[in-house]
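Q: Please take a close look at the charged side chains of this model and how they pair up. Then set them in their surroundings, step by step.

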Amino acid sequence: MTINDSGRPRVLLFIGAESELAETRTWATGLGFTVTDTLSEDVDCAVVTENVLDGLCSPTDAVTRSRAEEAGLPLISLYNAKGVLHTHPGTTVTGYPASENPAMHGLRIVDTTL
C-alpha cells in the first residue's frame, strides 16, 4: 500500500474516458494506490486523459478538472502517470516535478525530468 505524508493510503482521482483510463487504473490499484472518480478531501492528485487536459471532454469531466485545480491538486497526464507514479512510489504525489503547476489552463505538462 502506498501511504501519503498523513499516514493514510494515497488516493488518485481519475478524470476522463473510462476506456482510456482502465489499464492505468488497474495498474495503480496493483501498486497499492486507492483510485476514485469522485473528488474529495482524501484525493492526493488527479490522473487525467490528454483530452481532458486539452479541454476536449464532457462537461462533467471539465467541471471535475476545474474543481481539482481549484483544490490545488496536481494533474498528471495519463501519458506520464505510470512513469511518475512508478518512479517515486514512496513519496508524496504533490512533490512530483511533472505536476508542480497544475493551473496551466489547457497546456499540457510534459516534464520528463524526475
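**Charged pairs and what surrounds them**

A: R25 is buried, with a relative accessible area of 13%. Here buried means under 20% relative accessible area, exposed means over 50%, and partly exposed lies in between (1.4 Å probe, protein chains only). A word on the basis: this is a predicted model, where local features need pLDDT of at least 70 and side-chain atom pairs count only at pLDDT 80 or more, while totals for chains, interfaces and linings use all residues. Residues are numbered from 1 along each chain as its sequence is written, and side-chain values use heavy atoms, with hydrogens and water left out.

Who is the partner of R25? The side chain of D37 meets R25 in a salt bridge, at 2.7 Å from N to O. A salt bridge here is a side-chain nitrogen of Lys or Arg within 4 Å of a carboxyl oxygen of Asp or Glu. This pair links distant parts of the chain, 12 residues apart: R25 sits in helix 1, and D37 sits in the loop between strand 2 (34-36) and strand 3. Helices (H or I, at least four residues) and strands (E, at least two) are DSSP runs, numbered from the N terminus. D37 is partly exposed, at 47% relative accessible area.

Now look further along. By this rule, the count of salt bridges comes to four. E23 pairs with K82, with the closest N and O atoms 2.8 Å apart. This bridge also spans distant parts of the chain: E23 is in helix 1, K82 is in helix 4, and 59 residues separate them. E23 counts as exposed at 57% relative accessibility. K82 is partly exposed, at 29%.

The next pair stays inside one helix. R65 forms a salt bridge with E69, where the closest N and O atoms are 3.1 Å apart. Both residues lie in helix 3 (residues 59-70), four residues apart, so about one helical turn separates them. R65 is buried at 9% relative accessible area. E69 is buried too, at 16%. There is also a network: salt bridges that share partners join E18, R25 and D37.

What about the nonpolar side? In soluble globular proteins, nonpolar side chains tend to be buried together. A nonpolar core is a set of buried Ala, Val, Leu, Ile, Met, Phe, Trp, Tyr and Cys residues joined through side-chain atoms within 4.5 Å. The largest one has 12 residues, among them L12, F14, A28, F33 and V47. Strand 1 (11-15), helix 1 (18-31), strand 3 (43-48) and helix 4 (78-87) each supply at least two of its residues. Helix 4 gives the largest share, four residues. A second, separate core has 11 residues, including V43, V52, A68 and L75.

Zoom in on A28. Leaving aside neighbours within four places in sequence, A28 is in contact with L12, F14, F33 and V35. Contact means heavy atoms within 4.5 Å.

Last, step back to the whole chain. It comes to four helices and four strands. From the N terminus on, they run β-α-β-β-α-α-β-α. Of its 114 residues, 40% count as buried. Among contacts with a separation of 6 or more, residues 24 or more positions apart account for 67%. The chain exposes about 6,000 Å², and carbon and sulfur atoms supply 54% of that. Accessible areas come from the Shrake-Rupley method with a 1.4 Å probe; for residues, only the protein chains shown count as cover.
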